[in-house]
Amino acid sequence: MSPIAYKLWSVRCSLVAFQKMAFSAQQPSTALTKLKETLSGEVVCPGDEGYDYGIARWSDNCVKQAGYVVFPKNNEDVVQAVKFARGQSLELAIYGGGHSYSGSSSTQGGVVIHLGKYINYARCDPEKCLLYVGGGATWEIVEKVGMEHGLATVAGNVNHTGVGGLALGGGYGWLTGRHGMTVDNTVQFTVVLASGEVVTANEAENPDLFWGCRGGGSNFGVVTEFVFKAHPQRPTVFVTLLIYAIDKLESLLNTIEDWYGPDEGLHWGCMRVFPGMEPGKLTLIVMYFYNGDAVEGRKAAKKLYDIGPIAEKAMEDLPFVKLNTLNNEMAAHGGRKYVKGLKTRFRSVVPGPGGIVQFHPGVVYLGVWVGFLAQAGVVGVSFGGAGFGWGGTGTEGIIFQFYTDPALDDSVQSQVRAWAQTVSEKTPVAFKAGKGSESYGVGYANFDPDAAASDPARVFGPNYNRLREVKRKYDPENVWNRWYPIEPTEGV
Ligand SMILES: Cc1cc2nc3c(=O)[nH]c(=O)nc-3n(C[C@H](O)[C@H](O)[C@H](O)COP(=O)(O)OP(=O)(O)OC[C@H]3O[C@@H](n4cnc5c(N)ncnc54)[C@H](O)[C@@H]3O)c2cc1C
């Protein structure tokens with residue numbers, strides 16, 4: 001090592017040592033007693049009342065036995081939880097809504113900062129068209145509070161999903177075609193850093209952190225409050241569910257490729273288990289959304305009707321606040337799930353017999369589900385403007401199996417992975433991502449069950465180096481490392 005490099009290295013070591021000293025090491029029981037005295041909220045340990053609630057997750061295979069679960073009521077509580085964990089050298093995990101596919105909001109033996117119990121509010125400023133949202137809120141409350149004023153922001157498609165993970169990782173929903181991604185609509189974050197400092201990040205204050213949090217996920221700290229732009233939203237919308245014979249898949253794909261407009265959205269899926277259909281029989285389903293009335297909606301969806309669905313369930317004047325409840329039952333909490341994101345348009349994949357992962361009677365649901373959105377909405381700030389690194393294709397896909405028996409864990413995972421690989425190989429990512437950018441990466445970051453083990457350089461593409469700089473500034477010791485862990489750049 002050269003003398004200069006050595007000097008830099010030793011300065012960095014002294015700094016790290018100094019930061020560690022700031023979190024005084026104490027006996028666990030003394031530290032816990034002190035934490036309990038300081039908190040306005042609560043901390044629970046295995047066996048305590050509320051512990052099971054604190055470690056429960058959307059998918060049972062993401063449950064881990066935390067050493068401590070802290071339920072903070074305010075920023076100061078979060079600061080105390082961070083100091084406690086770091087003082088004991090314990091791993092930290094942040095719970096927003098508990099829907100991560102990879103278990104990144106859980107920890108084995110460490111400390112969970114559970115924002116969902118108390119920091120779960122939404123408040124609307126109708127004059128400024130802003131929504132102030134607690135870091136542990138779900139989209140349900142955001143939509144309810146916004147629509148009391150005829151306003152909405154870009155939420156996910158299932159309203160019990162947490163705001164936290166979805167908004168930090170990108171976020172798309174039915175309104176994306178019109179208003180962009182959730183990250184396009186985020187104007188401010190309040191963040192508790194690993195140092196214990198509480199900072200605001202927006203265009204003017206800490207703009208580098210603001211940029212990083214819009215897509216860089218939970219890499220920089222605990223976001224205790226999000227502020228979102230809200231847009232005027234009509235109270236009712238048109239949604240229809242269309243069922244087709246599987247031999248219509250090619251016609252469907254030809255039809256939907258490029259036609260949908262900014263007020264439309266479409267999901268299609270092939271499922272081997274679908275409510276009301278014979279288990280194991282492949283069913284082709286389309287869910288079509290139109291942000292307008294039924295007459296206009298049916299006109300806009302004419303091409304879908306022309307393909308010849310065998311059944312339809314239309315919701316003509318669906319209250320907007322009900323829109324993101326439609327999949328709640330199918331995507332209910334509990335049971336075991338393996339969901340793998342795919343970066344593909346599924347163009348060449350016509351799932352014949354055996355084409356979709358094999359049906360097993362112990363499986364509750366299995367299939368593929370693909371969302372189509374107006375591409376313009378997806379590439380808003382995605383390239384260069386924020387940490388978001390999905391690739392902005394306007395299409396996201398997942399392949400999934402929901403089941404209950406832990407004995408199926410291995411076979412489910414290997415089947416889903418193998419099928420995902422087949423799909424990727426059959427459909428190389430050859431299309432342009434927009435704005436001149438080549439497509440890259442591994443799919444939508446929030447859909448990766450193997451996030452912690454994935455290569456963040458692939459996920460974040462050209463934004464990665466800048467994200468590493470932001471990481472060095474705000475989390476130089478990589479304390480927040482449970483999602484795609486961005487490696488801080490070297491040096492001081
Ligand atoms: C049923 C279902 C439907 C979905 N639909 C959509 C969809 O329509 N659109 C879409 O974009 N995505 C969708 N997703 C994916 C979703 O974005 C991710 O699962 C996301 O991680 C969920 O966030 P969460 O807060 O509920 O999860 P958590 O498991 O609580 O958190 C996920 C990650 O974010 C971190 N995190 C959470 N909150 C905070 C915070 N306040 N501060 C710092 N870090 C935090 C956690 O530490 C963890 O690493 C869906 C997922 C499910 C299960």
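Which residue in β2 stands opposite Glu 42?

1. The structure is a predicted model. Residue numbers run from 1 along each chain.

2. The shell around the ligand. The ligand has 32 residues around it, and those that come nearest are Ile 94, Gly 98, Ser 105, Asn 157 and Tyr 444. By type, the shell divides into 18 polar and 14 nonpolar residues, with no charged ones.

3. Polar backbone atoms at the ligand. A polar backbone atom of Gly 98 is 2.7 Å from an oxygen atom of the ligand. Gly 98 is also among the residues that come nearest to the ligand. For Gly 165, a polar backbone atom is 2.9 Å from a ligand oxygen. At Leu 166, a backbone N or O atom lies 3.4 Å from an oxygen atom of the ligand. On its own the ligand has 950 Å² of accessible area, and the protein covers 97% of that.

4. Elements that supply the shell. At least two shell residues come from each of β3 (92-95), α6 (163-169) and β10 (222-229). The largest share belongs to α6, with four residues.

5. The five-stranded sheet. Five strands form an open sheet in the order β5-β6-β10-β8-β9, and their pairing is antiparallel. At the edges are β5 (122-125) and β9 (198-201), each of which pairs on one side only. Direction ignored, neighbouring strands here are turned by 15 degrees against each other on average. Within this sheet, β6 (residues 130-134) pairs with β10 over five bridges in the antiparallel sense. In that pairing Leu 130 stands opposite Lys 229 of β10.

6. Helix α5 (residues 139-147) lies across β5, β6 and β10, and runs at about 30 degrees to β5.

7. The four-stranded sheet. An open sheet of four strands has the order β1-β2-β4-β3, with mixed pairing. Its edge strands are β1 (42-44) and β3, each pairing on one side only. From one strand to the next, the twist averages 20 degrees. As background, strands of a sheet pair through backbone hydrogen bonds, either parallel or antiparallel.

8. The opening question. Strands β1 and β2 (residues 68-71) run antiparallel and are joined by three bridges. The residue opposite Glu 42 is Phe 71 in β2.

Methods. This is a predicted model: local features need pLDDT of at least 70, side-chain atom pairs count only at pLDDT 80 or more; totals for chains, interfaces and linings use all residues. Side-chain values use heavy atoms; hydrogens and water are left out. A residue is near a molecule or strand if one of its heavy atoms lies within 4 Å of it. A polar contact is a pair of N or O atoms within 3.5 Å; within protein, one must be able to donate a hydrogen and the other to accept it, and residues adjacent in sequence count only if both atoms are side-chain atoms. Accessible areas come from the Shrake-Rupley method with a 1.4 Å probe; for residues, only the protein chains shown count as cover. Ala, Val, Leu, Ile, Met, Phe, Trp, Tyr, Cys and Pro count as nonpolar, Asp, Glu, Lys and Arg as charged, and the others, Gly among them, as polar. Two strands pair if DSSP finds at least two bridges between them. Axes are lines fitted to C-alpha atoms, for helices over the stretch in contact, and angles run from 0 to 180 degrees between N-to-C directions. Contact means heavy atoms within 4.5 Å.
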